[in-house]
Amino acid sequence: MAVPLIETRHLKKYFKTPAGLLHAVDDVSFKIQPGETLGVVGESGCGKSTLGRTVLRLLEATEGEVLYKGENILRYSKRDMKKVHLNMQMIFQDPFTSLNPRLSISSIIAEPIKVCGTLKDKGDIQKKVHELMEVCGLPERYVNTYPHELDGGRRQRVGLARALAVDPEFIVCDEPVSALDVSVQAQILNLLMDLQDSKGLSYLFITHDLCVVRHISTNIMVMYMGKVVEYAPKDELFQHQAHPYTKALLSAIPTTDLSRRGRERRALTGEVANPIDPAPGCRFAPRCPYAAERCKQPQELKQVAPGHYAACAMCQP
Amino acid sequence: MRKKKKSPVKTVSGRSVWGMVWFRFRKNKLAMAGLFLLLFMMAAILAAPLYVPYDQVVKQNIVEKFTAPCAQHWFGTDQFGRDLFARIVYGGRISLFMGLGVVAISFVVGCALGGAAGYFGGRVDSVIMRFVDMFMAIPAMLLSMAVVAALGTGVDKLLVALSISQIPRFTRVVRSSIMTLRSQEFVEAAKCCGTSSARIIMKHILPNGMGPVIVSATLTLGQVILSIASLGFLGIGVSSPTPEWGTILSENKIHIRYHPYLGLIPGVCIALAVMAVNFIGDGLRDALDPRTKN
């Protein structure tokens, strides 16, 4: 198999709090091949966003490795990181705070080009900005408007154009559609997928919306309290969930199918446990209907089917 | 109809960022009035030697003391018969220009210190802020006296002394407005493409936190002009017979009851200067913010 574009090995990010260490991301490993999308799902506070930021080094990892084309970028100096940033960008969740309100749309999109110095000539930069706006479906007349004059969907397009400005290969999408209306969500998702086809982009797609993740992902990773509980190709995951948490999560998807109205729902009870200094065993155990004594042992990811991994004591490799 | 819709876009697209700021500033009548007033005062002060000889400032003429404003002495004369108009015009050199100079210096240094403290946080913040707190704990007047005692007297020393006493205020205001901005997503987006900290602070954070800082700068000017006067009264920096608005005000205050113009005129000058700067500050704050209507 070819070298993956992005790979993490045992990536950990702990935050120091007065009460102890908060395990935001705990021992996460994944691989993304060029042109693929890895969807990361989980409930609020499970470390999805922290994972995305740690991969881009917006947060410094506590332990582990992030490999870009086989090289560990966590050891890179600031200058080397600048080159890496040309290939790795990010789209943010809130289109209302992710754009600098003082800059016009064209300056926002031109900013990464100016900072990275990929283009020097003013005319070239302007040309590139117009090109990016067209690619992202922004009419040219918005070039000198300011973020507050645009609606959420258009702002998110601006955010996308900014991310694409340096022609990256990999984009971390941190809940890029969760702040948008459903009709606009579809437009942005389709735009992301079109761009993936035409430019061969890879995404790390963070979301809590299962329908969205099914639409866009190649592989899906389910996280719970900083740990990966299940990792599988999209269709495999939606058909054969191995982990009780994933099952509960997927059964929560609303359906419009009347014949399945009376189906069994595994609504979860209880709250997410405290992520500060958690016990070594399975972190889902306190809420798990199948929890047993063996769940107090640390759970490793085990292969349950080709390419399908789950971290549960019930799963036999 | 179509043409009408298109035209505003066209007028806007031709402008640079500062062109836009000027465009918005010009629409604010009060701000423009303030700007003209300030420019007029500065021009009158700078061109003073052309129409009043400096001689008039110090020449005493006891016979004509306490002359009310008339054709010969536009602003009247004081207790020594010195022409008040000449004293006001030459006094502005110190009051207005030193006032603006102090505000400018403390503004720039305060932005740099407060910017670094607010943005980096942690140890940098602690070191800078404890240092600034130290200066804040000493009354401005005492601090200025200490600086003047260390460096010697003179207008330039006074400038340094007053600037140092104003820096803590700016540092505090800048720091607090930056701390609310540094965790915004657009700052992260800037970090994401490897933007340097200096550029993030200058381009992304400071412009967004300028509002309260500009207001505080305009308010500081009046205070500085009065501080120059009180320091002059204590014999530090500017002392009689060198004219200066605050000094004129304080040396004439005992005669205000029978010759109110002696207090009124320098007072009005200080008030006008502060007001002009206030209007300019308000206009600038709005003009720098693209969210205000064009």
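Helix H1 (residues 48-55) of chain A is largely enclosed by the rest of the structure, because eight of its eight residues are buried. The model is a predicted one. The buried residues of H1(A) are Lys48(A), Ser49(A), Thr50(A), Leu51(A), Gly52(A), Arg53(A), Thr54(A) and Val55(A). Just after H1(A) comes Arg57(A), with a positive phi of about 65°.

Chain A also holds an open sheet of four strands, with antiparallel pairing and the order E2-E1-E4-E5. Strand E2 (20-32) and strand E5 (71-72) of chain A each have a single partner strand, so they stand at the edges and one side of each is left without a neighbour in the sheet. Within this sheet, strand E1 (residues 6-17) and strand E4 (residues 63-68) of chain A are joined by five bridges in the antiparallel sense. One residue pair can be picked out here: Lys12(A) has Glu63(A) in E4(A) as its bridge partner.

Another open sheet of chain A is built from eight strands in the order E6-E7-E8-E3-E9-E10-E12-E11, and its pairing is mixed. At its edges are E6 and strand E11 (302-305) of chain A, each of which pairs on one side only. On average, neighbouring strands of this sheet are turned by 20° against each other, direction ignored.

At the E6 end of the strand order, E6(A) runs parallel to strand E7 (residues 170-174) of chain A, and four bridges join the two. Ile91(A) has Cys173(A) opposite in E7(A). Helix H5 (residues 152-164) of chain A lies across E6 and E7 of chain A, and its direction makes an angle of about 175° with E6(A).

Strand E8 (residues 202-207) of chain A includes Thr207(A). Is Thr207(A) buried or exposed? Thr207(A) has 23 other C-beta atoms within 10 Å, and a residue counts as buried if 20 or more lie within that distance, so Thr207(A) is buried. Neighbours within four places in sequence aside, the residues in contact with Thr207(A) are Gly39(A), Val41(A), Glu175(A), Ser178(A), Val212(A) and Val213(A). Tyr76(A) is 131 residues from Thr207(A) along the chain, and the C-alpha atoms of these two residues are separated by 29 Å.

The helices H3 and H4 of chain A form a packed pair to follow next. The axes of H3(A) and helix H4 (residues 122-135) of chain A come within 10 Å and cross at roughly 115°. That angle makes H3(A) roughly perpendicular to H4(A). The crossing of H3(A) with H4(A) is right-handed. On the H3(A) side, the contact is made by Ser106(A), Ile109(A), Ala110(A) and Ile113(A), and on the H4(A) side by Ile125(A), Lys128(A), Val129(A), Leu132(A) and Met133(A). By class, the residues of this contact are seven nonpolar, one polar and one charged.

The last region is the contact between the chains. It takes 25 residues from chain A and 18 residues from chain B. Which elements give two or more residues to the side of chain A that touches chain B? They are helix H2 (78-85), strand E6 (88-91) and helix H3 (105-116) of chain A. This side of chain A has 13 nonpolar, seven polar and five charged residues.

Technical notes
Residues numbered from 1 in each chain as written. Chains lettered and ligands numbered in written order. Predicted model: local features only at pLDDT ≥ 70, side-chain atom pairs only at ≥ 80, totals over all residues. Pairing = 2+ DSSP bridges. Buried ≥ 20, exposed ≤ 12 C-beta atoms within 10 Å, placed from the backbone. Contact = placed C-beta atoms within 7 Å. Nonpolar A, V, L, I, M, F, W, Y, C, P; charged D, E, K, R; others polar. Axes fitted to C-alpha atoms, helices over the stretch in contact; angles between N-to-C directions. Parallel < 35°, antiparallel > 145°, perpendicular 65-115°, else oblique. Left-handed = near helix turned anticlockwise from the far one by under 90°.
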